[in-house]
2 protein chains.
Amino acid sequence: MVIFENMLSKKTKYGLKALAYLAKQGSNHPVQISVISESENISRKFLESILLTLRKNGFLGSKKGKTGGYYLLKDPKDIKLAPIMRILEGPIAMVPCVSLNFYEKCDDCPDETTCSVHNLMLEVRDSTLQIFNNKSLADILKD
Amino acid sequence: MVIFENMLSKKTKYGLKALAYLAKQGSNHPVQISVISESENISRKFLESILLTLRKNGFLGSKKGKTGGYYLLKDPKDIKLAPIMRILEGPIAMVPCVSLNFYEKCDDCPDETTCSVHNLMLEVRDSTLQIFNNKSLADILKD
DNA sequence: CTTTATTCCTATCGGATTAATAGGAATTAA
DNA sequence: TTAATTCCTATTAATCCGATAGGAATAAAG
């Protein structure tokens, strides 16, 4: 039996690790996918698709061809985690009806204001969001 | 494209709603599955399996046969949410390496203490857990 | 003692998602 | 011209979710 079904996806985990790796470099010199993938033990091809996503969403720049690679576009302290999480993992809320950016009404629930689950998950979303909104890439680096 | 992949499962959502329904009754008189499923707009068969799980894990009592049903075993204010979440949803942590009850080492990560993701998810787990540990079934009821 | 209504249990299923893999096109430096 | 890289699209195996099916066991009511 696999226990962790609804965990953080590997996509997000690897994406964060790659961003942290780049942030540690301290320069905006392009780093090749294979360098990151070997250093962080990530499948090269999988990481490739992740970095592509991050680039398309404005978190990374890239240089093509020989001596190409990826680099951060901003100072790590100016890169907040919340938008990264939304791109890689999707909504931060555990339930669509409490999502700020991806709101959807529940099919089964006639009234959100009296729904126990709704109000509980609202609190959870707030506390999680506070972390992701206030923390930057620079804040999570360790040496 | 379906956005909410890693949301709260319907199992958990329905389970919480059912528990809240029973808590609102205020008595320990057995309530039939079909009564709850109709009131809360939940598939009867699906709810059946959820309530069975909750019973097997000590959160509900049941009465079999005609006039049977399910009932709470404790006062709603003495039923904390954390254990319920663990039974229905699984680990509260988003990553096995920060789970208190379901710990697992990551394959890729050589050192947890220097892992950016690890330390970030530790904070998220703490803030979520604080909510689930401190809130009881009684606390999430609305009228 | 028969009927009826319920919980209990196991098995199965379609669809969706995840984590990856494959193969090559486009681009750039040497 | 060659080599090394990013870019792009498609595919896949495994797994999980949400539900459904069918009947066994149990207990109340007549």
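About 4,100 Å² is buried between chain A and chain B, and carbon and sulfur atoms give 66% of that area. Buried area here is the accessible area, with a 1.4 Å probe, that two parts lose on being put together, summed over both.

A word on the source. This is a predicted model, where local features need pLDDT of at least 70 and side-chain atom pairs count only at pLDDT 80 or more, while totals for chains, interfaces and linings use all residues. Residues are numbered from 1 along each chain as its sequence is written, chains are lettered from A in the order in which they are written, and side-chain values use heavy atoms, without hydrogens and water.

Now the contacts. 47 residues of chain A touch 47 residues of chain B, with contact meaning heavy atoms within 4.5 Å.

How many salt bridges cross the interface of chain A and chain B? The rule finds six. It asks for a side-chain nitrogen of Lys or Arg within 4 Å of a carboxyl oxygen of Asp or Glu. Take Lys135(B) and Glu123(A): their side chains meet in a salt bridge at 2.9 Å, N to O.

Which helices of chain A supply at least two residues each to the side that touches chain B? H1 (10-25), H4 (81-88) and H5 (116-134) do. Helices are DSSP runs of H or I, at least four residues, numbered from the N terminus. H5(A) gives the largest share, eleven residues.

Last, symmetry. A rotation of 180 degrees, with 0.0 Å of shift along its axis, superposes chain A on chain B at RMSD 0.0 Å.

Conventions
Copies are superposed by least squares on the C-alpha atoms of residues with pLDDT of at least 70 in both.
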